[in-house]
Amino acid sequence: MTSKHTTRVRHRSLGAAVAAAGLLATLFAAGPAAATPDPGDLSPGGAGSAGSASSAQGADPAAGRELAPGEIPGQDEIVHSANVRHLANIPSTYPGVINTDLAFQGKYAYAGNYNGFTIYDIANPKAPKAVSQVLCPGGQNDVSVQGDLLFLSTDSSRSDDSCNSVSQPATEKSSWEGIKIFDIKDKKNPKYIKSVETNCGSHTHTLVPGERDIYLYVASYSPNEAFPDCQPPHDGISVIKVPKKNPTQAAVVAFPVLFPDGGNPGGPANPGVTKTTGCHDITVLPSKKLAAGACMGDGILFDISKPEQPRVIDRVQDNVNFAFWHSATFNEKADKVVFTDELGGGGGPTCNEATGPNRGADGIYDITGRGDQRKLVFRSYFKIPRLQADTENCVAHNGSLIPVGGGRDIMVQAWYQGGVSVWDFTDSARPKEIGYFERGPLTTDQLGLGGSWSAYYYNGHIYSNDIAKGLDVLRIDDWRTEGAKWVRMDRLNVQSQPAYH
């Protein structure tokens, strides 16, 4: 589920001051930079600005055009490949507030933002409609849904667990962070029914479905001896058990240690690499009882046949080109994993010539062997081939498979202001982009914060939650993706990866 550290009173990042383009340039020039700054410390639009960059185009988007090789589009100009169409845009629910992750169920899309979440009716993808908006501040508000329940991650230190809470230092024992649970049976009037506090909060969470119970793997990180509820070492994940028949009994039932040796030490041993102090995001593949964890300085493959006792099978590091292991995606055959590196924490301009093609990119790994002998074997990097302006935050971010079947591996992925990329990794050593959608820079005189946070394929369309512009709906028409149009789903939590075929 997604991205950066949130704006929290217990600052995990270098803070808004680091967002100055000059300091960012210094960090990136020094080598593989750590995952800073944090978009949670910024506001959509200009760096550190409180102004809104919200779109006014509504649900009738302007036509785009294809980019010429090496071209950077004009400010806010829409461009896309010939096989991608922009069908709709619904402007930001809260202008000036960061939009985050997406989940889907039936004809509804659930879109998180730092103020809460919005439910959209997407029965007609060309004209989505906002059904309800829930005000419940607390970054980064990643979402997942199951039945009549919606789960919301809070990873910013709050005065209490209510939706009326305010920011409060994590040094105070009474501060709260964790999971909030809503009853969404009535889409027009969701009801907050339960909270579960977790150590170091809930940056992201991953839903593991079961017959009687739902499990949530809660990823969080960056402990500090000054934080009563986030003490080091923090070398594992919180496991929450949610009884389906009585969700108000949800509780933490385990904290499995994934890094008994402490994980990647980061710098100075591995300069520019983030020290592992927990996980950022986990993707589970229930049909194979597998999970892949993106854990700051480490990538892991683990067995989840016992949901309360996940067990690491293999672990890899990339101390040359990966600064921050951010998220993971399996292919349909479960013989590959795509890991993303969130170089610069999502707030930096890393899709430029100076950064190069191998940093701030995806790492494609083959899964070889069987059972406990399975290994993650690096094959190649993928990064969008379209250079972005130095005023655009751009790096690999949240994406999902396009379930094309037939042995072909294609995914759609968000790249912040690099837009939305559709790319083929069937040959894991030679990935290539086959389609794209993006807007020109939000700002041309300073580093801005915007672009697609999450881009996912669901029932024939691509949905993108843009940090500043709101919900975009896209359609790809390409012979390589035609097979996906026959796949219909009743629910999609991307980090709970389904068996599509």
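Two strands are treated as paired if DSSP finds at least two bridges between them. Helices (H or I, at least four residues) and strands (E, at least two) are DSSP runs, numbered from the N terminus.

The model on display is predicted: local features need pLDDT of at least 70, side-chain atom pairs count only at pLDDT 80 or more, and totals for chains, interfaces and linings use all residues. Residues are numbered from 1 along each chain as its sequence is written, and side-chain values use heavy atoms, with hydrogens and water left out.

**First stop: confidence**

Colour the protein chain by pLDDT, the predictor's confidence in each residue, from 0 to 100. The chain averages 90, and 88% of the residues score at least 70. Next, select residues 1-38, where pLDDT stays under 50.

**Second stop: a sheet**

Select strands E20, E21, E22 and E23, which form an open sheet in that order with antiparallel pairing. Strand E20 (325-330) and strand E23 (375-382) stand at the edges with a single partner strand each, so one side of each has no neighbour in the sheet. From one strand to the next, the twist averages 25°, the angles running from 0 to 180 degrees between N-to-C directions of axes fitted as lines to C-alpha atoms, for helices over the stretch in contact.

Which residue of E21 is the bridge partner of Thr329? The partner is Val338.

**Third stop: the disulfides**

Display the cysteine sulfur atoms; a disulfide is a pair of them within 2.5 Å. The structure holds four disulfides.

Begin with Cys136 and Cys163, whose sulfurs are 2.0 Å apart. Cys136 lies in the loop between strand E7 (129-135) and strand E8 (140-146), and Cys163 in the loop between strand E9 (149-158) and strand E10 (176-183), so the pair ties together parts 27 residues apart in sequence. This link is left-handed, with -80° about the S-S bond.

Move to Cys200 and Cys230, with an S to S distance of 1.9 Å. Here the link is right-handed, at 95° about the S-S bond.

Finish at Cys351 and Cys394, joined at 2.0 Å. Cys351 is in the loop between E21 and strand E22 (362-368), while Cys394 is in the loop between E23 and strand E24 (399-401), 43 residues apart. Both cysteines are buried, meaning under 20% relative accessible area, against exposed over 50% and partly exposed in between (1.4 Å probe, protein chains only).

Terms used. Contact means heavy atoms within 4.5 Å.
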